[in-house]
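Notebook open, and I am starting on a structure that is new to me.

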Amino acid sequence: MKIALKKSVVLRDGSVYNLAIPYLLNENSILWDEMINWCVCTFGPEGDLDRATLDTWYYSGGGFCFRDEANLTMFVLRWS
């Protein structure tokens with residue numbers, strides 16, 4: 001799977017995250033669920049963008065945002 005990377009996404013609160021956007025050939029919700037579950041098991045609970053409780057990672061609109069570049073690298077290595 002191809003994954004596009006976008007560095008330094010600045011959020012409303014000023015925090016900076018690294019964005020990974022997986023390109024799936026079809027909208028396979030099972031694979032999306034697997035990626036989200038893997039992130040929960042690997043990095044802990046997802047942050048909440050609306051409540052500004054952004055911890056290590058969060059999922060938004062087809063992309064995975066990671067605070068630490070090392071976590072981004074782990075995600076890319078696992079899913080590409």
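Predicted model: local features only at pLDDT ≥ 70, side-chain atom pairs only at ≥ 80, totals over all residues.

I began with Cys65, which is buried at a relative accessible area of 4%; buried means under 20%, exposed over 50%, partly exposed in between (1.4 Å probe, protein chains only). Residues are numbered from 1 along each chain as its sequence is written, and side-chain values use heavy atoms, with hydrogens and water left out.

Next I looked for disulfides (cysteine sulfur pairs within 2.5 Å) and found zero. Cys39 has its closest cysteine sulfur in Cys41, 9.5 Å away, so that is too far for a bond. Cys39 is buried too, at 0%.

Then I turned to the rings. Phe, Tyr and Trp (its six-membered ring) pair if their centres lie within 6.5 Å; planes under 30 degrees apart are stacked, over 60 edge-to-face, the rest tilted. I got eleven aromatic pairs. One of them is Trp32 with Tyr59, tilted, at 5.9 Å and 55 degrees. That pair links distant parts of the chain, 27 residues apart: Trp32 is in helix α1 and Tyr59 in strand β3 (residues 57-60). Helices (H or I, at least four residues) and strands (E, at least two) are DSSP runs, numbered from the N terminus.

Tyr59 also forms a tilted pair with Phe64, 4.9 Å centre to centre. Tyr59 is partly exposed at 26%, while Phe64 is buried at 0%.
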